[in-house]
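Visitor: I'm new to looking at protein models. Could you walk me through this one?

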Amino acid sequence: MLTSVETDLIRVLADPLRLKIVTLLARETLCTTHLVEETGAKQTNLSNHLRVLREAEVVETEPCGRFTYYRLRPEVLETLAGQFTDLAATARATAEHNRKRTCP
């Protein structure tokens with residue numbers, strides 16, 4: 001069963017721009033300038049999405065001079081993936097045993 005934290009994380013990742021940011025950060029650590037170039041989003045809009053990702057602990061920051069670099073925290077995604085794997089295993093077992101409730 002998904003917890004409220006995991007449900008919130010799903011909502012965070014459901015936004016197309018945030019999912020694109022996460023996909024880009026899976027490949028390399030990038031600064032805001034790089035992310036603006038890669039996504040075509042306005043800097044203020046991108047900053048708001050990065051704030052949401054930071055608050056959800058999906059990304060972490062690394063200051064570097066006047067720039068801030070963003071790095072994906074893979075363990076957060078691994079935890080969520082594990083929950084989905086567990087759900088899939090439960091669904092598979094249910095289907096194999098043809099479990100269903102009887103109607104009253």
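Visitor: How many helices and strands are there in the protein chain?

Guide: Keep in mind that this is a predicted model. From the N terminus on, the elements run α-α-β-α-α-β-β-α. Sorted by type, that gives five helices and three strands.

Visitor: What radius of gyration does the protein chain have, next to a compact globule of 104 residues?

Guide: Start with the box that the C-alpha atoms fill, roughly 65 × 25 × 20 Å along the principal axes. A compact globule of 104 residues would come out near 13 Å. The radius of gyration of the protein chain is instead 18 Å.

Visitor: What percentage of the residues in the protein chain is buried?

Guide: Here a residue counts as buried if its relative accessible area is under 20%. Going through the 104 residues with that cut-off, the buried share is 27%.

Visitor: And among contacts with a separation of 6 or more, what share comes from residues 24 or more positions apart?

Guide: This one is about how far apart in the chain the contacting residues sit. Among contacts with a separation of 6 or more, the share from residues 24 or more positions apart is 51%.

Visitor: Let's go to the pockets. Which element gives the largest share of the lining of the largest pocket?

Guide: The largest pocket holds about 150 Å³ of space. Its lining is made of V5, E6, D8, L9, V12, A56, V76, T79 and L80. Two elements give two or more residues to that lining, α1 (4-14) and α5 (74-96). The largest share, five residues, comes from α1.

Visitor: How many residues in that lining are nonpolar, polar and charged?

Guide: E6 and D8 are both in the lining, and Asp and Glu count as charged. T79 is in the lining too. By class, the count is two charged, one polar and six nonpolar.

Visitor: How many disulfides does the structure hold?

Guide: For a disulfide, two cysteine sulfur atoms have to be within 2.5 Å. For C31, the nearest cysteine sulfur is that of C64, 8.9 Å away. C64 is likewise in no disulfide, with the sulfur of C31 as its nearest. The number of disulfides is zero.

Visitor: Is C31 buried or exposed?

Guide: The cut-off for buried is under 20% relative accessible area. C64, at 40% relative accessibility, counts as partly exposed. C31 has 4%, so C31 is buried.

Visitor: Now for helix α4. Which residues does H49 contact, leaving aside its neighbours within four places in sequence?

Guide: H49 sits in helix α4, which covers residues 43-55. Its relative accessibility is 11%, so H49 counts as buried. With those sequence neighbours left aside, its contacts are D15, L17, R18 and I21.

Visitor: What distance separates the C-alpha atoms of L46 and L35?

Guide: L46 lies in helix α4, and with 0% relative accessibility it counts as buried. Leaving aside neighbours within four places in sequence, L46 is in contact with I21, T32, L35, V36, T39 and A41. L46 and L35 are 11 residues apart along the chain, and their C-alpha atoms are separated by 7.8 Å.

Visitor: Is N45 buried, partly exposed or exposed?

Guide: N45 is another residue that lies in helix α4. The C-alpha atoms of N45 and L17, 28 residues apart along the chain, are separated by 9.6 Å. With a relative accessible area of 34%, N45 is partly exposed.

Visitor: What about G40, is it buried or exposed?

Guide: G40 is in the loop between α3 (32-39) and α4. From its C-alpha atom to that of R27, 13 residues apart along the chain, the separation is 18 Å. The cut-off for exposed is over 50%. G40 has 63% relative accessibility, so it counts as exposed.

Visitor: One last stop: what is the phi of E57?

Guide: Most residues other than glycine have a negative phi. E57 is found in the loop between α4 and β2 (59-64), and at 49% relative accessibility it counts as partly exposed. Although E57 is not a glycine, its phi is positive, at about 60°.

Technical notes. Residues are numbered from 1 along each chain as its sequence is written. This is a predicted model: local features need pLDDT of at least 70, side-chain atom pairs count only at pLDDT 80 or more; totals for chains, interfaces and linings use all residues. Side-chain values use heavy atoms; hydrogens and water are left out. On a 1 Å grid over the protein atoms alone, a cavity is a set of points where a 1.4 Å probe fits but cannot get out, and a pocket is an open set with protein on both sides within 12 Å along at least five of seven lines; lining residues have an atom within 4 Å of a point. Grid points are joined across faces, edges and corners, and a volume is the space filled by probe spheres set on the points. Helices (H or I, at least four residues) and strands (E, at least two) are DSSP runs, numbered from the N terminus. Buried means under 20% relative accessible area, exposed over 50%, partly exposed in between (1.4 Å probe, protein chains only). The radius of gyration is taken over C-alpha atoms; the globule rule is 2.2 Å times the number of residues to the power 0.38. Contact means heavy atoms within 4.5 Å.
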